[in-house]
Amino acid sequence: MVNPKISHRPTICYRSMHPSDLEILEQIHSDVFLSDIDLFRYESEFFQNVVNGRDIVSWAAVDHSRPNGQSDELIGFVTARIVTAKDSEIADLLRYDPSKGHQTLVYILTLGVVDAYRNPGIATALIHEVIKYASSIAVCRAVYLHVISYNNPAIHLYKKTSFKCCGGCMGFT
């Protein structure tokens, strides 16, 4: 488990999720969304899909300078799903045009960083991983997500990474 305070200069690396991340992913997810647990309760199937790459793409942040065999343990994560633009709730905002053929979006499902590692840019880097991934998909029109209206630190983070508020969600095009 992650220590409440880090006493070293972290060496942050990003990688894909592994099945061995399951337990710590569930724990961090629970810790990050503790105050909103009833709004953001995910079933174990969700976490299984994340660590096994089933219909969900994900990235993990790890601190390779952590001692005692914890150098590959999660300290942050982002999960996302590819959705078709025509079936998305933001199709009107994108001015979806069916004559342009198959178009997709990348929808960020969850993003979290352990408290002790917040503010050195880990969440920003994880968002950039998603944007880079979306950019590699020729038919991807945008990246979007939902954020609860009173989560001002998250809203600030998304705006800082060029997301715009649009009809109850935030998007990056």
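Glu129 is buried, with a relative accessible area of 19%, where buried means under 20% relative accessible area, exposed over 50% and partly exposed in between (1.4 Å probe, protein chains only). Its side chain meets that of Lys132 in a salt bridge (3.7 Å, N to O), a salt bridge being a side-chain nitrogen of Lys or Arg within 4 Å of a carboxyl oxygen of Asp or Glu. The model is predicted: local features need pLDDT of at least 70 and side-chain atom pairs count only at pLDDT 80 or more, whereas totals for chains, interfaces and linings use all residues. Residues are numbered from 1 along each chain as its sequence is written, and side-chain values use heavy atoms, with hydrogens and water left out.

**Salt bridges**

- Lys132, the partner of Glu129, counts as exposed at 53% relative accessibility.
- Lys132 and Glu129 are three residues apart in helix α3, and therefore separated by about one helical turn.
- An α-helix has 3.6 residues a turn, so residues three or four places apart point the same way.
- Salt bridges that share partners join Arg15, Asp21 and Asp72 into one network.
- Asp115 forms a salt bridge with Arg118, with the closest N and O atoms 3.0 Å apart.
- Asp115 is exposed, with a relative accessible area of 59%, whereas Arg118 is partly exposed at 40%.
- The count of salt bridges comes to four.

**Overall architecture**

- The chain has four helices and seven strands; helices (H or I, at least four residues) and strands (E, at least two) are DSSP runs, numbered from the N terminus.
- From the N terminus on, the order of elements is β-α-α-β-β-β-α-β-α-β-β.
- The chain has 173 residues, of which 45% count as buried.
- Among contacts between residues at least 6 apart in sequence, 68% join residues at least 24 apart, a contact meaning heavy atoms within 4.5 Å.

**Helix α1**

- In helix α1 (residues 22–32), the buried residues are Leu22, Ile24, Leu25, Ile28 and His29.
- These residues cover an arc of only 165 degrees around the axis, so they lie on the same side of α1; the arc is that of the directions from the helix axis to the C-beta atoms.
- The cover over the buried residues of α1 includes α2 (44–52), β3 (74–84) and β4.

**Largest pocket**

- The largest pocket holds about 880 Å³ of space.
- On a 1 Å grid over the protein atoms alone, a pocket is an open set of points where a 1.4 Å probe fits, with protein on both sides within 12 Å along at least five of seven lines; lining residues have an atom within 4 Å of a point.
- Grid points are joined across faces, edges and corners, and the volume is the space filled by probe spheres set on the points.
- The lining has 33 residues, and those closest to the pocket centre are Leu111, Asn151, Ala154, Leu157 and Tyr158.
- The elements that give two or more residues to the lining are β4 (104–113), α3 (122–135) and α4 (152–160).
- β4 gives the most, with seven residues.
- By class, the lining has 21 nonpolar, nine polar and three charged residues; Ala, Val, Leu, Ile, Met, Phe, Trp, Tyr, Cys and Pro count as nonpolar, Asp, Glu, Lys and Arg as charged, and the others, Gly among them, as polar.
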